[in-house]
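This briefing is for a reader who is new to the structure shown below.

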Amino acid sequence: MTEQVEPFDLGVTWEPNAPSACLVSDDMGKTALALMPHGDDLDQRCVVILWSGTHSACLSDPNDEAISGHRLYAKGLADVLWAGVVRNSEAVAALVRQNAVHPFHDPSRFQDLVHHVLPMKECVAEVIAQTMAIRRFDSPTLEAAVTAMRG
C-alpha cells in the first residue's frame, strides 16, 4: 500500500503565523507539542498536544514557504491545513526494520503506532506514537509543554 496523508481534525487550531511551537519529548515515550491558540479560539489557553508511546518526534524544516519540498507534500500533505495522519507510513515501517536486528524483536509492538504530521509557519512537527490527547494550560508554550509532561 502507498503512503498517504489524510487531514485529521484535532478539534483545536493554533495561531497560524506565530504558534511559538515548543516540542518536548522524554525517553519514556511521552511527547508534548505546545502551541499558542488561534486568535478566534474562545479558549485562549495554550494548546498542548500530548502523545504517549512515542517512538519518534521532531520539529524540522521545511517552513510554510518551502512545504512543497516535504517528502509527504505530494502524498496528501498539500491538503493538510492543521494536522494530518500518515497512513501506511514509511517512517513507521523504517522503525520496524531498524528494530528487527534485536534478538527479541516483536513487530506487533509497532502495530498501534500512528504517524501525525502538523505543518506550521516555521517548521513541521512529526510524531509517531500510540495515543494522543489535547490539553490546555494557562501559560506560555514552553511552560505548558513541561507542565503537560509532568502530569
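With 151 residues, a compact globule would have a radius of gyration near 15 Å, and the protein agrees with this at 15 Å; the radius is taken over C-alpha atoms, and the globule rule is 2.2 Å times the number of residues to the power 0.38. This is a predicted model, in which local features need pLDDT of at least 70 and side-chain atom pairs count only at pLDDT 80 or more, while totals for chains, interfaces and linings use all residues. Residues are numbered from 1 along each chain as its sequence is written, and side-chain values use heavy atoms, with hydrogens and water left out.

**Overall form**

- Taken along the principal axes, the box filled by the C-alpha atoms is roughly 50 × 35 × 25 Å.
- The protein has two helices and nine strands, where helices (H or I, at least four residues) and strands (E, at least two) are DSSP runs numbered from the N terminus.
- Along the sequence, these elements follow the pattern β-β-β-β-β-β-α-β-β-β-α.
- Of the contacts between residues at least 6 apart in sequence, 68% join residues at least 24 apart; a contact means heavy atoms within 4.5 Å.

**Surface and burial**

- The accessible surface comes to about 8,200 Å², and 51% of this belongs to carbon and sulfur atoms; areas come from the Shrake-Rupley method with a 1.4 Å probe, and for residues only the protein chains shown count as cover.
- Buried residues make up 41% of the 151 residues; buried means under 20% relative accessible area, exposed over 50%, and partly exposed in between (1.4 Å probe, protein chains only).

**Salt bridges around E3**

- There are nine salt bridges in the structure, each being a side-chain nitrogen of Lys or Arg within 4 Å of a carboxyl oxygen of Asp or Glu.
- One of them pairs R71 with E3, with 2.8 Å between the closest N and O atoms.
- This pair links distant parts of the chain, since R71 is in the loop between β5 (56–60) and β6 (84–87) and E3 is in the segment before β1 (4–7), 68 residues apart.
- E3 is buried at 2% relative accessibility, whereas R71 is partly exposed at 41%.
- E3 also meets K75 in a salt bridge, at 3.1 Å from N to O.
- K75 lies in the loop between β5 and β6 and E3 in the segment before β1, so this pair ties together parts that are 72 residues apart in sequence.
- K75 is partly exposed, with 22% relative accessibility.
- A network of salt bridges links E3, R71, K75 and E90.

**The salt bridge between K121 and D64**

- K121 and D64 form a salt bridge in which the closest N and O atoms are 3.2 Å apart.
- K121 is in the loop between β7 (114–119) and β8 (124–129) and D64 is in the loop between β5 and β6, so the pair ties together parts 57 residues apart in sequence.
- K121 is partly exposed at 22% relative accessible area, and D64 is partly exposed at 36%.

**Cysteines**

- The structure has zero disulfides, a disulfide being a pair of cysteine sulfur atoms within 2.5 Å.
- For C46, the closest cysteine sulfur is in C22, and the distance of 8.7 Å is too far for a bond.
- C46 is buried, at 2% relative accessible area.
- For C123, the closest cysteine sulfur is in C58, and 9.2 Å is again too far for a bond.
- C123 counts as buried, at 13% relative accessibility.
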